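I wanted to look up where charges gather and where they pair.

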Amino acid sequence: MTAPDDAALEAELRDLLGPRGVSSDMRQREKASVDGARMSPIIAELLPLGIADLVAFPTTAQEIADVVGLAARHGVAITPRGKGTGNYGQAIPMPGGLVLDTSRARTIVEVGDGWITADAGAPMNALEAAARAAGQQLWMYPSTVHTTIGGFLAGGSGGTGTIAHGSNDMGFVVALDVATPASGGALRHVEGDEAQGFVHNYGTAGIIARATVRLEPLQDWRGLYASFPDFSGALSVLRTLGRMTPAPRLVSADTPHITAQLPPDEAFPAGRSSLRMIADAGILDDAIALIEQAGGRIEDVREGPGVSAAISVLSYNHPIEWLQKSEPGVYFHVEVSGDALVERIDEVHAVYLGGQLHIEAGHTVPIGMLAGVYESPEAVYAGIERLGALGVGVHNPHQWNVDFRLAETVELARQTDPQGLLNPGKLNPDYAGPTKGAIR
């Protein structure tokens, strides 16, 4: 492997990107070397995991590829970054080297019939706005609506819209242009199944420079806010609401304790469990009837283009973040799924001290975030095993290793990144799960 030459790389990056396109300033390097990993107390105890030596800010897909080519020629590790909204250290440059910040490559290239193409740094809410102007909408977008398309595809898995369409590896991606050390500064265009090899693996096999994703006809959405005296009432209707036709864009609910920590809103009355739904106008009356029959109360129905975003930012891990902010240093969480979240909720809550569930209707089964009072890594992992025994699916968010198609990604990276420069530390083929070496 070529010995890393950061000084020579910095000089060439300045020639390529201009003086504002690269930085070795410590404050900029530190800013580019963190994500939301403090949400995990296990990872937080190990921070900082790495500090970038350089940060590059390409503004086009081709510049992203050019930066990768230059860094590879100088033997410098490359850690890709979008908006840095990930929560588990995937964007932290563990060996130092170069952080490739794609967030300035924001061009929306083209909107077609059923698809949209944009450079990696284009925010998801900008893609949604462009689609809406053409009478269409994105299949899905993450709960952090301002995150970038490249970051979402490389690090995320789903969000608003996944009730109908599943995760972002289930047909959402039409094509990608990726940059790899092996391509030497050229963009590699991949489509269909070949493109899936670069999804959800943190840029360890190739850095997404441009993406084409699916659109569908625009729907007339309503934001439905309801409340129940307790969490069991919300649980009793969540799955039924999620199975309505046309499918809702989102259905999520919180315990009264989590609801109390959400941003102030008249739709969140004190002491009650909140249920929120992005519903097609055509099913609104039926949804209201179901909620009221189950003992729920409609707090508000809201209209307008901002409805989806407003409810989206209160989904997935965002309610747990609000819970953590309300009581700093107390809570951790794990990602959970399965019908047991509804059918065995008391047992699920009892797995961890102070257990609190945020739940959503998923593509096939409910999904959610289970929070608990943090005691130790061992208690977290023991709880994961107990949840499994209850029939709950668990994803461990307290580690940064690629855990989706790991073997396939390792093999692909051998071809695309023979020097091992892409996001080092995140592609460990010996990773054995949360109870065996979860933190490495």
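I began with surface charge and found a patch of positive charge made of Arg20, Lys31, Lys83, Arg104 and Arg106. For a patch I took residues with over 30% relative accessible area and no salt bridge, with like charges joined within 9 Å. Lys and Arg count as positive, Asp and Glu as negative, and His and the chain ends are not counted. I placed each charge at NZ of Lys, CZ of Arg, CG of Asp or CD of Glu. Accessible areas are Shrake-Rupley values with a 1.4 Å probe, and for residues only the protein chains shown count as cover.

The model is predicted; local features need pLDDT of at least 70 and side-chain atom pairs pLDDT 80 or more, whereas totals for chains, interfaces and linings use all residues. Residues are numbered from 1 along each chain as its sequence is written, and side-chain values use heavy atoms, with hydrogens and water left out.

Helices (H or I, at least four residues) and strands (E, at least two) are DSSP runs, numbered from the N terminus. Arginine 20 has a relative accessible area of 74% and is exposed. I used under 20% for buried, over 50% for exposed and partly exposed in between (1.4 Å probe, protein chains only).

Next I turned to pairs. How many salt bridges does a search of the whole structure find? It finds 16. I counted a side-chain nitrogen of Lys or Arg within 4 Å of a carboxyl oxygen of Asp or Glu.

In helix H1 (residues 6-17) I noted arginine 14 and glutamate 10, 4 residues apart, about one turn of the helix. Their salt bridge has its closest N and O atoms 2.7 Å apart. Arginine 14 is partly exposed at 31%, while glutamate 10 is buried at 16%.

I then checked arginine 249 and glutamate 128, whose side chains form a salt bridge at 2.9 Å, N to O. Arginine 249 is in the loop between helix H9 (231-242) and strand S12 (250-254) and glutamate 128 is in helix H5 (residues 124-133), so this pair ties together parts 121 residues apart in sequence. Arginine 249 is buried at 3% relative accessibility, and glutamate 128 is buried at 8%.

Last, I looked up aspartate 220 and arginine 222, which meet in a salt bridge at 2.5 Å, N to O. Aspartate 220 is partly exposed at 43%, whereas arginine 222 is buried at 14%. I also noted that Asp220, Arg222 and Glu303 are linked in a network of salt bridges.

Conventions
Patches are made of residues with over 30% relative accessible area and no salt bridge: like charges are joined within 9 Å, nonpolar side chains (Val, Leu, Ile, Met, Phe, Trp, Tyr) within 5 Å.
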